[in-house]
Amino acid sequence: MTDEKKKEFTRRLAECNSGEMIVIEFEVLFTYLEDALAIFDTDADEFKRTIHWADAVLVRLQESLDFKYEIAAQLYPLYNYGRRQLALAVATHKTKPVHNTRRVMEPLYQAFQKIAKEDDSPAVMQHTQSVLAGYTYGRDSLGEVLCDVTEPRRGFFA
């Protein structure tokens with residue numbers, strides 16, 4: 001994953017609510033899967049490392065399930081299937097298990113996107129810097145500036 005992509009995900013996570021956070025997690029997963037497929041033929045060690053990071057995303061999704069809701073019992077085996085497929089991809093050094101993981105996770109991602117649009121809960125992270133984007137010094141580049149326009153005090157308070 002490129003540094004630019006990491007910064008984008010970090011910025012989005014700092015401003016999202018709980019519904020949007022799950023959508024971003026899926027996007028991170030898909031980015032790792034695409035990266036793994038892109039380097040499959042060139043670097044076996046990097047392929048395994050990238051699959052490991054994708055598996056870590058599925059672990060976070062599994063750990064975030066709240067089993068007092070019925071849907072959690074249905075999502076857990078799907079996440080577990082994805083994890084088993086990723087382990088198979090590492091063990092056999094084949095791409096089909098990676099594609100299988102993507103195929104199973106894609107409908108979940110689309111469902112969570114629809115749910116996130118209806119989620120009007122507040123942002124998960126409070127007291128974060130606002131990001132203002134616009135054309136600043138470059139004609140062809142977008143400049144971003146972090147500002148404290150709404151919250152003069154941010155961070156942890158004791």
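Student: What share of the contacts with a separation of 6 or more in the protein chain comes from residues 24 or more positions apart?

Tutor: Contact means heavy atoms within 4.5 Å. In the protein chain, residues 24 or more positions apart account for 58% of the contacts with a separation of 6 or more. This is a predicted model, where local features need pLDDT of at least 70, side-chain atom pairs count only at pLDDT 80 or more, and totals for chains, interfaces and linings use all residues. Residues are numbered from 1 along each chain as its sequence is written, and side-chain values use heavy atoms, with hydrogens and water left out.

Student: Which elements does the protein chain have, and how do they run?

Tutor: Helices (H or I, at least four residues) and strands (E, at least two) are DSSP runs, numbered from the N terminus. The protein chain has five helices and two strands, in the order α-α-α-α-α-β-β from the N terminus on.

Student: How is the packing of H4 and H5 described?

Tutor: Two packed helices are described by the angle between their axes and the distance between the axes. Axes are lines fitted to C-alpha atoms, for helices over the stretch in contact, and angles run from 0 to 180 degrees between N-to-C directions. Helix H4 (residues 70-92) packs against helix H5 (residues 96-118) at an angle of about 155°, and their axes are 8 Å apart. H4 and H5 are therefore roughly antiparallel to each other, a term for angles over 145 degrees.

Student: Which residues make the contact?

Tutor: Those of H4 include Leu75, Leu78 and Tyr79, and those of H5 include Pro97, Val98 and Phe112. By class, the contact of H4 with H5 has 13 nonpolar residues (Ala, Val, Leu, Ile, Met, Phe, Trp, Tyr, Cys and Pro), four polar and one charged (Asp, Glu, Lys and Arg count as charged, the others, Gly among them, as polar).

Student: Which residues of H4 are buried?

Tutor: Buried means under 20% relative accessible area (1.4 Å probe, protein chains only). In H4, Ala72, Leu75, Tyr79, Gly82, Gln85, Leu86 and Ala89 are buried. Their cover includes helix H2 (18-39), helix H3 (44-63) and H5. Across the protein chain, buried residues make up 30% of the 158 residues.

Student: Is Thr50 buried or exposed?

Tutor: Thr50, which lies in helix H3, is buried, with a relative accessible area of 6%. Leaving aside residues up to four places away in sequence, Thr50 touches Tyr32, Asp35, Ala36 and Ile39.

Terms used
Angles under 35 degrees count as roughly parallel, over 145 as roughly antiparallel, 65 to 115 as roughly perpendicular and the rest as oblique. Buried means under 20% relative accessible area, exposed over 50%, partly exposed in between (1.4 Å probe, protein chains only).
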